[in-house]
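Colleague: Please take a close look at the aromatic rings in this model. I would like one connected account of how they pair.

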Amino acid sequence: MKAMVLEAPGRPLRETELPDPKPGPGQVLLRVLACGVCRTDLHVADGELPDPKLPLVLGHQIVGETEDGRRLGVPWLGWTDGECRYCRSGRENLCDRARFTGYQLDGGYAELAVADERYCFPLPGGYSDLEAAPLLCAGLIGYRALRAAGDAERLGLYGFGASAHIVAQVARHQGRRVFAFVRAGDEQAADFALELGAEWAGGSLDRPPEELDAAIIFAPVGELVPAALAATAKGGTVVCAGIHMSDIPSFPYELLWGERVVRSIANLTRQDGEELLALAPEVPVRTEVEVFPLERANEALDDLRAGRVRGAAVLSVSSAG
């Protein structure tokens, strides 16, 4: 099979031929139709997440077709032990032995993939292969972060990329008011946020016109934490949704005082996936994608790193529609 392979962090992916993977017990073999390109892929490729499987096929937003014709989605969470205190208490996302797609398990930057069928999701109709791919991480992590924000009416979204463009639609569907924070001077991202129902869009360090009840930080920038706290009302929550973030600078206790909360989101559970994939057609969530062929995966990663992607980047692998 053709694949784009990470041989060492910091190097471009190499286009190569690999032996077709063979499914083990409980696994399914998938013909990869499309695979989303996620910021976590960048963190793995750039060496910001430690000890990836090497060589590695990246990609954890896989839309694939089984040998018997079923369309399944493969997310970041690829396996858990099912036995630890986290798994037994409904928190499989925190399992210490968990294995993740496109990190410890080969992912979807290839023509074929294998996955544990227990961690795959049937995908809703009404979404093409390309449109469905971003739901599998950008959507799922965003949805988990939105739940962590509680019942906040005034919601700030910091970093208006793949996750935020989905979360904004869900939040508006739930009757929330959305305030978008983008890179300073990025008028295209601000306009995109307003198109999707945000009532205000400004620079990432700007103060919104009203205090926020909660904020979700998607950008991997630690300095946004004190900025979001400063913009959040007493009793509000700041949710850090990324798997990696630069160091959070020191800040005065006054920003946290008033029963404000800072919390992180780690990975996802299968319940998150089931809930979001049922909700998405009801909203309906519409994903906006920029499409790249598999062999241009390095270009997709570069564009994502530079903030040139509107919505989500997706690799078209095998006759994706």
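Modeller: F181 is buried, at a relative accessible area of 0%, where buried means under 20%, exposed over 50% and partly exposed in between (1.4 Å probe, protein chains only). This is a predicted model, in which local features need pLDDT of at least 70, side-chain atom pairs count only at pLDDT 80 or more, and totals for chains, interfaces and linings use all residues. Residues are numbered from 1 along each chain as its sequence is written, and side-chain values use heavy atoms, with hydrogens and water left out.

A search of the whole structure gives five aromatic pairs. Rings of Phe, Tyr and Trp (its six-membered ring) pair if their centres lie within 6.5 Å; planes under 30 degrees apart count as stacked, over 60 as edge-to-face and the rest as tilted. One of the pairs joins W76 and Y103, which are stacked because their ring centres are 5.8 Å apart and their planes at 10 degrees. W76 lies in the loop between β6 (71-74) and β7 (77-79) and Y103 in the loop between β8 (99-100) and β9 (112-116), so parts 27 residues apart in sequence are tied together. Strands are DSSP runs of E, at least two residues, numbered from the N terminus. Both W76 and Y103 are buried.

F181 itself is stacked with Y158, at 3.9 Å centre to centre and 5 degrees between the planes. Y158 is in strand β11 (residues 154-158) and F181 in strand β12 (residues 177-182), 23 residues apart. Y158 is also buried, at 0% relative accessibility.

Ring pairs also link W76, F100 and Y103 into a cluster.

Notes: Helices (H or I, at least four residues) and strands (E, at least two) are DSSP runs, numbered from the N terminus.
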